Amino acid sequence: MTSALPTTELPDAGVPDVDRNTRHVTLATLALAMGGFAIGTTEFVTMGLLPEMADGVGVSIPTAGHLISAYAIGVVVGAPLIAVLAARLPRRGLLLALMVAFAVGNAASALAGSFGLLVAARFFAGLPHGAFFGVASLVAASMVAPSRRGRAVSMVMLGLPIANIVGVPAATWMGQQLGWRSAYWAVSVLGVLTIALVAAFVPSVPGDRAATGRRELKAFANAQVWLTLLVGAIGFGGMFAMYSYIAPTVTDVTGLPSSSIPWFLLAFGLGGTVGTFVGGRLADWSVLRSMVVGSAGMGLMLALFTVTAHQPLAAWTTVFLVALIASVLVVSLQMRLMHVAGDAQTLGAAMNHASLNVANALGAWLGGLVIAAGWGYTAPSWVGAGLSFGGLLVLAASVLLHRRTAPAASTTA
């Protein structure tokens, strides 16, 4: 039987190889994952502290949701801009510079004295996000054999779900007890710690000396790049539509006190951790199949959450499953873009997080609209389910194009 999808899709040989000593690889990967931990904490703690931040700067909760969108827009702007301008730079030095900017942006968030300044600070803090994950993924892929690159990239991504297990609940608790600004001071410290770890353990990896802005931008001439970006931007927006408003959903729909919110953030982190491990292995098997599983599964789980949100244990379990399936999708999207971008490795790797943060902005905005319209806090999950299945339709178009243009990639199932 002939499969319509390849069983293995990996970044091409354009990823340079470096020292594959097991100890060096482990320490370097941990350093890169620490950066992901810091980024994940700052990205998601805003959602856990949204009511406190709204009260602190004198705006409504739906208006405070624009802080989530501001960060996301920063990622969308920063990822392609930095990737195009910095593709030739040594990758360790670029990672260090990105973390410096990250630490400064979060310190500025903690110091912001008005809603407008806070919006600007969140935008600035988001600028290095996509480029850091893109460059870190390329460095991780360069340290292992081609057949293990999916797992290597997933280990870098592991910082995100671990942030939701440890960093986000801890920072949310800190923000509730000491004021929301303390959470961003803590994230800034994590950024400084990442700088030290990257400097100590990540090997020197040259940039792409042949890269030019024109060559990097040629990736956008590839229809599969655009389709993959749309799968992330539309489909992953479903998760953000629900999760952006998890704090008021827990208190107003599930009927639990605000002290229970960190437990739901923990569920999201645990699910994401399991999903990242699973996603790495699935990506080494078949990237496109993993994307189908992630897109369809997330839509179903978001629809289910509109029912389970009313019961504490069922709601907690559904949040766990949403995060698990979402992480499978994240890893497969990262690998897909690294593959279809061709020579534009830096841009392709970075644009995954630009796409996901378009999803962040879109999901938070649409979720805020239905809440402001008076449809309640389960309405964003219905929006999310619709977005997930919209992403699945785009993925279907990508698969059809793949079958027409890459028949040699098909293998016997």
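Before I start, residues are numbered from 1 along each chain as its sequence is written. The model is a predicted one, in which local features need pLDDT of at least 70 and side-chain atom pairs count only at pLDDT 80 or more, while totals for chains, interfaces and linings use all residues, and side-chain values use heavy atoms, with hydrogens and water left out.

Let me begin with the cavities. Rolling a probe the size of a water molecule over the atoms shows where empty space is left. Here a cavity is a set of points, on a 1 Å grid over the protein atoms alone, where a 1.4 Å probe fits but cannot get out, and its lining residues have an atom within 4 Å of a point. Grid points are joined across faces, edges and corners, and the volume is the space filled by probe spheres set on the points.

The largest cavity has a volume of about 250 Å³, and of the 21 residues that line it, Phe44, Leu160, Phe236, Ser327 and Val330 are the closest to its centre. Helices, which are DSSP runs of H or I with at least four residues, numbered from the N terminus, supply much of the description that follows. Those giving at least two lining residues each include H1 (22-48), H8 and H14 (261-285), and the largest share, five residues, comes from H16. By class, the lining has 13 nonpolar, seven polar and one charged residues, where Ala, Val, Leu, Ile, Met, Phe, Trp, Tyr, Cys and Pro count as nonpolar, Asp, Glu, Lys and Arg as charged, and the others, Gly among them, as polar.

The second largest cavity holds about 40 Å³ of space, and its lining includes Glu43, Tyr71 and Arg122, with H1 and H3 (61-86) each supplying at least two residues.

Now to the two residues. His129 is in helix H6 (residues 129-142) and counts as buried, at 2% relative accessibility, buried meaning under 20% relative accessible area with a 1.4 Å probe and protein chains only. Leaving out residues up to four places away in sequence, His129 touches Ile39, Glu43, Tyr71, Val75, His353 and Asn357, a contact being heavy atoms within 4.5 Å. His129 and Ile39 are 90 residues apart in sequence, yet 6.7 Å apart from C-alpha to C-alpha.

Thr172, finally, is in helix H8 (residues 159-178) and is buried at 0%, and with the sequence neighbours up to four places away not counted, Thr172 touches Val45, Gly48, Leu49, Pro262 and Leu265.

Definitions and conventions. Buried means under 20% relative accessible area, exposed over 50%, partly exposed in between (1.4 Å probe, protein chains only). On a 1 Å grid over the protein atoms alone, a cavity is a set of points where a 1.4 Å probe fits but cannot get out, and a pocket is an open set with protein on both sides within 12 Å along at least five of seven lines; lining residues have an atom within 4 Å of a point.
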